[in-house]
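Reader: I am new to this structure. Please walk me through it in short steps.

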Amino acid sequence: MRIGRIHSYKKVIAQLLLLALPTAALMYYDFWDANRFFSILQNDWLLQGSYFLAGLALSTVFYSYRFRFITTAAVLAVILLLAYKLLGALVVTEFGFLITIQFYIFCAIFCAAWMVGYGFSRARWFTILWSILLLVVQVLIVSKTAEIKATALIGAFLPVLAYAVYIIYTAELIRNMNEDGAGFGWFIGKRMIGFAVVLALLLAGTFTYFQQDFKAIEKEWGGMQPDYNKKGNSESMTKQDKDGTIKNKDQTRLTGSLNKGKRLVFVAKLDNFLPDGITPNPLYFTAYYYTKFDTLTQTFEMDTAHMPSNDLFKPDPSKIPLYFTRTDSTVIKNTHATLNRKVVNADVYKVLLSPSEYLAPSTAFSCQPIGVPREYQQQYASAYRAKMWVSDLNSAYFIYNPAGNKSLEDFQKQRFDILRRIKDFQGLDKTFYDYYTFMPNNEEYKKITALAKQITANAQTPIDKMLAIRNYFLSKDEFGQPLFKYSDNPGIPGIPSASKLSYFLFENRKGYCAYYAGATLFMLRALGIPSRLAAGFLTIDRSSKNPGWYWFYEDQAHAWVQAYFPGYGWMDFDTTIPDVNTQQASQPDQTPPLDMQQVYLVADGEVTNVDTVGKLVQMKVKNLLYHDQNYTTNTTLDLSTDASRATVSADTATVPLSALKKGMHITAASYAAVLKNIEATAKDSMLSIFKKIPNPVPVDEIKIIEKDEAKKLNKKEQLAASKPIDWVKMMWASLAAVATFILLLFLTPYFIWVYYNSRAKRNNGNARLAAFNKYRAASYYLNQLGYSRAMMGPQQYALQTDEQFGTRFSPFIAIYQKAKYSSSSLTPREEEIVAHFYNDFITQVDKNVPFKTRFNRFLNIYNTIGYFSQPK
Amino acid sequence: MEAIATEMNIQMEQALENIQKLTDNIETVIRGKRTQIQFILTALLAKGHILIEDNPGTGKTVMAKTLAKSISGLHHAGGADFKRIQFTPDLLPMDLIGSHIFDDIKKEFIFKKGPLFCNVLLADEINRASPKVQSALLECMAENQITMGDVTYPLERLFFTIATQNPVEMEGTYPLPAAQLDRFFLKIYFGYVDETTELNIYKDYLGIQSNLEHIQQVLSMDEILFLQDEAEKVFIHDEIIAAVRNIVTETRRHPDIVLGASTRSGITFLKCLKAFALVNGRTFVTEDDIQIITQAVLDHRLIYRNREAKQKALSNILEKEMSRLSKLKLEY
């Protein structure tokens, strides 16, 4: 029996290539996305996508024959069911269950793909249904996503949308094409190319025009909350990465409520004490400076690109080899502060804090990842030591009542006295001063300015003004009630577009840190005091047991104001009135890690060999730290290490030794007492040290350093973020490009004419070629002037032309036809006619067609297209 | 080579002169119909036959008569042998080809030749006759001979049929099947003359009649046969042949055409092109020739999907091919 075909093999190939393959590609992506979204451990998207592709391809080919759906699908179902039962009966090992599950997944995906293939092959409107289905699924997935970012939204919808348009278009194209016709491939091909161009233009246009909107959407809906469920009109000071770690956000928005978690983020030891040497002087830990306020979205943002004297040091500790130091002294220079300065160390032990995050009191300039002592490795993921250039006068104590603590009271008084020496900001760099005192110019801010002037009417110096503002927030109203309250849920003004700052200052008087900081910022700026917002963690000294140790919980993520005092630099001022909840630790603080261990040897390089049995790791060393001395070589030196006692750690987790692979970049550190007495002299090189020390050298800590690829990408992103594209310039450039294009388009007919004309005027002795060139130029000229040949034969056309313009086209055409089709050559008389025809002809035509008409017609590209294109 | 080419040219010149004479002669009677005259001469020189479709009274018969009278024949002094048959539904094949009649004296059947044994035959209103008669005529046209029993009678060396038919929409007609229409090289529409010419015709009504009476015999039968031979010598460029091939094959592909042109049609097409070029005084075929005669050569051989397609399909194909030819840059 021969089974008839429904589609020709050409159509089937087109369906496979143009429908099945793109669908499978999308499904690969969707499976990957869904697996990631549901956090399925074994992300089998590759396999699942292949199941789908197989089902789709088989079904497409199968149903191009005259098979009926219900019967064949039933047969397929029975076969799969039998196979499933058989597999269940055969496999008895403990993994049997898993295998049957795998098969189950296979069946589900295969059958779905089978049906889709049937739809593609037979049902005309199936592609529409299928696109709707995919979009609905995508909407469902997105609606469950906690973090909505513009990129995530685009990533979720763009492929499906593009696919939907594509598949409907292509399916219809394949359905309507005539596969028996010649040039079938080209027919499809040129439409595909056209479609791709149109789609690309559309997408590019959408992105260009709606980029701002995308960003606004992201701001409106984006953001990770500590309770990770709420979203919408609320904000948090931290965000959670995919791996569950936390970092500060590089922007904060004024919203109706603040979400706070209660988990421990990190622990830090800060050796900053008051002059008495006993009382710890806590400092706020800074992550970012917000110097820009987007009045539209009510968001404070980073502005690294335009910020004068950028003093933010933001290394990625996870990318720095263990015990190696990265410093950036430009930040010290950029603080422009020299008075009352000292260098302070801070050791930060990360719990939930993202491995790549770096937090330190301002102004930090150095980062050195350090090892976490073995007994604390369960508790702390990683650690680093930061060095800061800190002012004696800076302190977390500003708003908290230090009453009762004599040394603190004295300290407050002393530092304010010193700061009172600053009377004004004369002599400051103008750019710097203007930037940090910039205020939006509208009614809202004029009101704030008025309020600031009223509050600080009696204050003379900047610090007194600062204190006046603090006192204003702490003041009581006529009923003896606090004028301002702290609230995580201040609500929003009734008019959505109303300034939240004004609402906070003049009506509601409730808010969280960002409100107080924001209000303070603009009041300070209104008074001409350079200031900015800082974001990070507030430091609370709760511990009397371990002075200098501080615990940081999620709800300590904070924003506050920094004001600039020439000579003394940026000072932290926190005007947020106390939130009683934050003062108490949500759980008892634990014992802090021991002090940093004395490290004798740190080798940084590439793994060349790993012996998991003998626990030996061979490595090529590039950098070496030995007894705090840094050695480097141009070439690499081989070092054999004994890793039997070593803990191997990646960014966040401890991994077995077998995770080390050849070519990996690692840092090996040793605390071994053996090395303590083998000291290096000044003459020693890396080679001579390697000769001195035991071989293999025992190491205690191996840290795998991630390749820098991710970092590079980040840098790129930062670059893109820090250097915003100049849209105006872009617009002009694209306008100019479009104008040039249009101009060229308009000039194209003329250029072609110039070419033809020059060819026609040239006489190269070949009468036939001359006749052709003249004929071509003449007919192009006539056509461009709007006298197209249409359905006429050449002679008829020529006669008509002659009638209209009084030319002698007809005799020429007769000769041209002879030259073209006859076997005999032209007579001298005919050649003469050819030679004299052209110039007279053009002159005659020009005489009859006014210049203006000719000019207009020559701009008409359609005539040119008509001339060159085949009639339909 | 050179000498032969020159001689051929001289003969051509003679031929062109003769054609000009014939055309001018006919035009003295038939006015404002130069194209139609050229078509008819084309069919004559291509050794084919022509079908004229139009309403009664447009000058078809006069045309055929004039042509016949312009040729001096062997049979009698009145020019080439001209016969006219008015086709009617009750006409029988015998009425055309003749029949055997018993000769009392010789005591045997002798063949009495029918009107087909002539030089120029006007088959008037061919679509009024029954299909049997139509096919008898068309067979003769194809074979150029008549077979009665076991005797074959050849037709005249010059045998040219001008058939006319009323538009098929008119009542009482038997439309000719496509296979039979194929026998006619060209099918043309006579059409009404333009208004000025019409006025002149009215004015000269009597004059025309007398013109027909006094028409000169400008060419001999031999000269016509010579012209037919000359027509075959007309040069046809490979690109023109390719264009004909393209047009013919395109009719088979065109979605609006149910039955396309056959290979035989293509050959007929080429013959007509050559003859038409000669009629136009050229020794080579040009794209103009294709432009002008394609409709006449192919239209009646095609079966269209619908009336609308009839108006467009062929001209579409032609337009495409003409566009290609007009831009063609040959190797010089």
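**Two chains, step by step**

Reader: What percentage of the residues of chain B count as buried?
Author: This is a predicted model. Chain B has 332 residues. A residue is buried if 20 or more other C-beta atoms lie within 10 Å of its own. By that cut-off, the buried share of chain B is 41%.

Reader: How many helices and strands does chain B have?
Author: Helices and strands are counted separately in chain B. The count is 13 helices and 13 strands.

Reader: Among contacts in chain B between residues at least 6 apart in sequence, what share joins residues at least 24 apart?
Author: Start with the contacts in chain B between residues at least 6 apart in sequence. Then keep those that join residues at least 24 apart. Their share is 77%.

Reader: Which helix of chain A gives the largest share of the side that touches chain B?
Author: In the contact between the chains, 17 residues of chain A meet 20 residues of chain B. Helix 19 (767–784), helix 20 (794–805) and helix 21 (809–821) of chain A each supply at least two residues of that side of chain A. By class, the side holds six nonpolar, seven polar and four charged residues. The largest share, four residues, comes from helix 21 of chain A.

Reader: How are helix 20 and helix 21 of chain A oriented to each other, roughly parallel or roughly antiparallel?
Author: Their axes lie 8 Å apart, and the packing angle is about 160°. The crossing of helix 20 and helix 21 of chain A is right-handed. Angles over 145 degrees count as roughly antiparallel. Helix 20 and helix 21 of chain A are therefore roughly antiparallel.

Reader: Which residues of helix 21 of chain A meet helix 20 of chain A?
Author: Helix 20 of chain A brings A:Pro794, A:Gln795, A:Ala798, A:Leu799, A:Thr801 and A:Asp802. By class, this helix contact has six nonpolar, four polar and one charged residues. From helix 21 of chain A come A:Phe809, A:Ser810, A:Ile813, A:Ala814 and A:Gln817.

Reader: Which are the edge strands of the open sheet of four strands in chain A?
Author: The strand order is 5-14-16-17, with antiparallel pairing. An edge strand here pairs on one side only. The edge strands are strand 5 (285–290) and strand 17 (569–573) of chain A.

Reader: In strand 16 of chain A, which residue is the bridge partner of A:Arg532?
Author: Strand 14 (residues 531–537) and strand 16 (residues 557–565) of chain A run antiparallel, joined by seven bridges. Helix 14 (residues 513–526) of chain A lies across both strands, at about 15° to strand 16. The bridge partner of A:Arg532 in strand 16 is A:Gln562.

How values were computed: Residues numbered from 1 in each chain as written. Chains lettered and ligands numbered in written order. Predicted model: local features only at pLDDT ≥ 70, side-chain atom pairs only at ≥ 80, totals over all residues. Contact = placed C-beta atoms within 7 Å. Nonpolar A, V, L, I, M, F, W, Y, C, P; charged D, E, K, R; others polar. Pairing = 2+ DSSP bridges. Axes fitted to C-alpha atoms, helices over the stretch in contact; angles between N-to-C directions. Parallel < 35°, antiparallel > 145°, perpendicular 65-115°, else oblique. Left-handed = near helix turned anticlockwise from the far one by under 90°. Buried ≥ 20, exposed ≤ 12 C-beta atoms within 10 Å, placed from the backbone.
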